Amino acid sequence: MKDRILDAIENHYKQPVFDYVLEEYLEVSAQNKGLFYSALEEMAAAGTIVATKKKKYGTPEMFDMTIGKVDIAQRGFGFLMVPGEKGNDIFLPEPELEGVFQGDTLLVKITKRSADGRRREGAVVKVLSRGATQVVGTFKLYKKYGLVEPQDPKVGTNFYVHLANTGQAMDGDMVVLKVTDWPKGSKIPGGTIVEVLGKKGDPYVDILSVIRKFNLPEAFPPAVEAEAASFPEELDPLELERRSDLREELVITIDGADAKDLDDAISIDTLENGNLVLGVHIADVTHYVKEGSELDRDAFDRGTSVYMVDKVVPMLPKRLSNGLCSLHPDVDRFTLSVDMEITPTGEVVKHEIYESVIRSKYRMIYTDVSDLLEDKAVPEIVEKYKDLLPELKLYEALAKILRKRRMDRGAVDFNFAEGKVITDENGKAIDVILDERRVANRMIEEFMLIANETVAEHYNRMDFPFVYRIHEDPDEEKIETFIKYLYNLGVKVKIGKDGIEPKTVQQILEQIEGHKEEHVVNKLMLRSLKQAKYSPLNEGHFGLAAEYYCHFTSPIRRYPDLQIHRIIKESLNGKLSERRIASLRRIVEEAAIQSSERERVAEQAERDADDMKKAEYMANHVGEIFSGLISSVLSFGFFVEMPNTVEGLVHMSSLEIMDDFDYDEKSMALVGMRSRKRFSIGDLVEVKLVRVDVDQRQVDFQYLQHLEAKEK
C-alpha cells in the first residue's frame with residue numbers, strides 16, 4: 001500500500017494531493033480504507049510524505065523540505081546532513097535546535113538560499129527519530145534524583161535519572177544510560193542506567209566509554225563464538241587437493257610489530273623476459289565464514305574492525321581473526337591469490353586469480369624491513385635475514401616502479417605522518433610520537449594497491465555484481481575555498497572546465513613541498529576532498545587516479561573484502577548462475593551501504609579515542625611551552641598543531657589583550673584592527689599550554705609569539 005501511495009504522488013500527481021483524491025485514484029476498497037489511512041499516517045510520521053492541516057499529502061521536496069541527520073556544533077548551531085546531497089548541508093541556527101539532539105533525524109523546511117543555491121538555511125519542522133538510544137557520561141547523585149552528564153559535548157544536555165533507575169551506580173561513576181524519555185520543549189530528557197563502567201580514571205574505563213558511546217559490539221554472541229570454535233585446527237585434505245599448493249614457495253608477511261590479524265602475504269619471482277611476478281596472497285576467510293551463517297550476519301552488522309589506540313574491537317572472533325585465518329609463519333593457511341606479471345615500467349600485462357594454500361616462511365615487521373633496506377639494521381637483524389635480503393631488494397625495486405607509474409598518472413600521495421599514542425601497562429597515555437610511513441610500509445601499500453586495482457578491473461570486465469571502493473570528484477565549493485587560500489600563498493592553480501583533476505592536486509602538493517606551510521596544505525587539501533566509500537557501481541577512485549578499485553586485501557577486518565571473496569570464489573568454480581547473479585546484485589548493494597556506514601562510525605570512534613588519549617597526555621604538561629603551526633583559523637580563534645600532531649585552540653578571548661581581531665574569510669586569517677597583526681594558516685608560533693579538558697577532548701593554548709620557520 002505504501003509503495004502504491006508514494007508512486008501515485010510522485011509519478012501521477014507530481015504535486016500535493018488530497019487524501020480522498022488519492023483514495024479514489026488507488027481504488028481503495030471499503031475493507032482497505034483503514035489500511036490506507038494508517039499507511040498515510042505512518043508515512044507522514046516517518047517523513048516519507050508530508051501532510052498539511054487540510055489533509056494534502058506530498059513528498060518533502062514538494063514542500064521545499066528535506067530529511068537528514070543533524071550534526072550539532074559545540075557553539076550551539078547545527079547542520080542537517082542530507083543523504084545523497086554532496087557537500088550541500090543545511091545550516092540550522094541555534095534557536096531551531098531546542099529539543100533537538102545530536103544525530104536526530106529531522107524534517108527541515110528550507111528558509112533561505114544563497115544566490116548560487118549551494119548554501120541553505122532551514123527550520124526544523126519535526127523530529128522524525130532520535131539519534132541516541134543510549135548515552136555515556138558521569139553520574140551525579142543528589143538527594144532526590146540523579147543526573148548523567150554526557151561525555152560527548154555535542155549531546156548538549158544532562159539526563160535526569162529517578163533514584164529507582166540508578167542501578168548500582170555511585171556518585172562519580174562512568175555509566176551507560178538508556179534514554180527512555182524525550183520531552184518536548186526545554187525539559188531535560190531522562191533515562192535508566194543500564195551499565196556501570198567504573199570510576200573515572202580507572203584503567204581502560206575511558207576506552208570502554210568510547211566503545212559504549214559509539215555502541216560498538218564488543219562481545220560476540222554465544223552462537224557466533226560457538227560457530228568459530230567448531231572449526232578444526234587441521235585443514236581439510238580434500239580442500240587442500242583442489243587448491244594450488246604454494247607451501248614450498250618463499251611467501252612472507254610484513255606487518256606492524258603489534259599486529260595479530262595478518263591478512264596478506266607476498267611472493268616475488270623474476271621471469272626470463274625481465275618481468276617480475278608479484279604474488280599477493282590474502283587470507284581465505286570465506287572458507288570459514290559462510291553466507292548467511294551466524295558469523296556472517298554478525299560480521300555484516302559490525303562491518304569492520306575498530307582500532308582504538310591499544311584496544312581492538314574485531315569484526316571476527318579471535319579464534320578466526322588471530323588464529324585460523326591469520327597468516328602466521330610455519331603453518332598451512334588457505335588463501336585467495338592474485339599473481340601479476342609486471343613489466344619494468346609497472347604495467348600488469350598478465351594476471352591470474354586463484355584459490356591457494358600457503359605456508360609463510362617469515363613473519364617480518366615494518367621497522368626491521370625498513371632498517372634493512374635503509375642500511376640501519378642492527379647486526380642481529382642483518383644476520384637473521386641475510387638470506388632474504390635479495391628478495392627484499394627486489395620488492396623495494398618493484399614498489400618504486402609501481403609508485404612511479406601511479407604518480408605519473410596523477411595519483412595523490414599526501415606527505416604527512418600520523419600521530420601515534422603510546423600507553424603504559426594501565427592504558428594511560430605517556431607519549432605521542434609520529435608513526436612514519438617508511439620504505440617497508442610504502443612497499444606493502446603499493447602491492448596491496450596494485451592487487452586491489454587488478455581484481456577490480458578483472459571483475460568489472462566480467463560484469464559480475466561486485467563491491468567497489470570509489471572516491472568521487474571533490475566538491476566545487478570546497479575546492480574553490482582551498483584554491484583561494486593557495487592563491488594567497490602564491491601558488492597558482494589552473495582548473496579546466498571539467499573541474500579539478502587528480503594530477504592538479506598532485507602538482508599543488510609538489511609546488512608546496514619544502515615550504516613551511518607544506519604540512520598544513522596537505523591536511524587542508526585532504527579535508528577538501530570527499531570521503532571514499534563502497535558502491536556496487538564502479539565510479540573510479542579520484543585520489544588514486546584509478547579507473548577500477550576495490551578492497552580485496554583485508555577480509556579479516558573489512559566486510560566488503562569478505563563479500564567480494566565469495567563472488568570471486570563462486571566465479572572461479574562456475575557457480576554464478578543467472579539466478580545467483582540477480583541475488584548478488586541486492587547483496588552487494590546492501591553490503592556497500594552497510595560497510596560505508598560502519599566505516600564512518602569506526603572512524604569517528606577511532607578519532608574520538610585518539611583525541612581523548614592525546615588530551616590525557618597533554619594534561620601532564622600544563623604550563624609548558626611548545627611550538628607549532630597554525631593549522632586552521634576561525635572567527636573565534638585558531639588551532640595550533642604541534643609536531644607530534646596534537647592540536648590545541650588559541651581562543652579569541654586570549655588575544656583581546658593585544659588587539660581587536662577580525663576574521664578575514666578570504667585569506668583565512670585573523671587580522672588586528674589597530675596593529676594589523678596577522679594569524680594565518682601555516683604560521684609557526686610559540687604557545688603555552690594553559691588548560692586541558694580530557695572529557696571534552698579540548699586542549700587550550702595561550703599565544704606567546706611568532707617564530708621564524710626554516711624552509712627545507
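Analyst: Two strands pair if DSSP finds at least two bridges between them. The model considered here is a predicted one.

User: What makes strand E31 and strand E32 a pair?

Analyst: Three bridges join E31 to E32 (residues 678–680). The requirement is at least two bridges, so E31 and E32 pair. Their sense is antiparallel, and in E32 the bridge partner of Leu 670 is Phe 679. E31 and E32 form a hairpin with five residues between them. In that turn, Arg 676 has a positive phi of about 60°.

User: How do you know that strand E30 pairs with E31?

Analyst: Four bridges join E30 (residues 661–664) to E31. Because at least two are required, E30 and E31 also count as paired. These strands run antiparallel, with Leu 670 of E31 as the bridge partner of Tyr 663.

User: Which way do the residues of E31 point, and are they buried or exposed?

Analyst: Ala 669 and Val 671 point one way from E31 (residues 669–672), while Leu 670 and Gly 672 point the other way. In a regular strand, side chains alternate between the two faces of the sheet. All four residues named here are buried, which means that each has under 20% relative accessible area.

User: What makes strand E29 and strand E34 a pair, and in which sense do they run?

Analyst: E29 (residues 647–651) and E34 (residues 698–706) are joined by two bridges. The rule asks for at least two, so the pair qualifies. The sense is parallel, and Val 650 stands opposite Phe 701 in E34.

User: Why is Ile 495 called partly exposed?

Analyst: Ile 495 has a relative accessible area of 37%. Buried means under 20% and exposed means over 50%; 37% lies in between, so Ile 495 is partly exposed. Ile 495 is found in the loop between helix H13 (476–488) and helix H14 (502–512).

User: Which residues does Ile 495 contact, leaving aside neighbours within four places in sequence?

Analyst: Ile 495 is in contact with Ile 479, Ile 483 and Ile 500. Contact means heavy atoms within 4.5 Å.

Terms used. Residues are numbered from 1 along each chain as its sequence is written. This is a predicted model: local features need pLDDT of at least 70, side-chain atom pairs count only at pLDDT 80 or more; totals for chains, interfaces and linings use all residues. Side-chain values use heavy atoms; hydrogens and water are left out. Buried means under 20% relative accessible area, exposed over 50%, partly exposed in between (1.4 Å probe, protein chains only).
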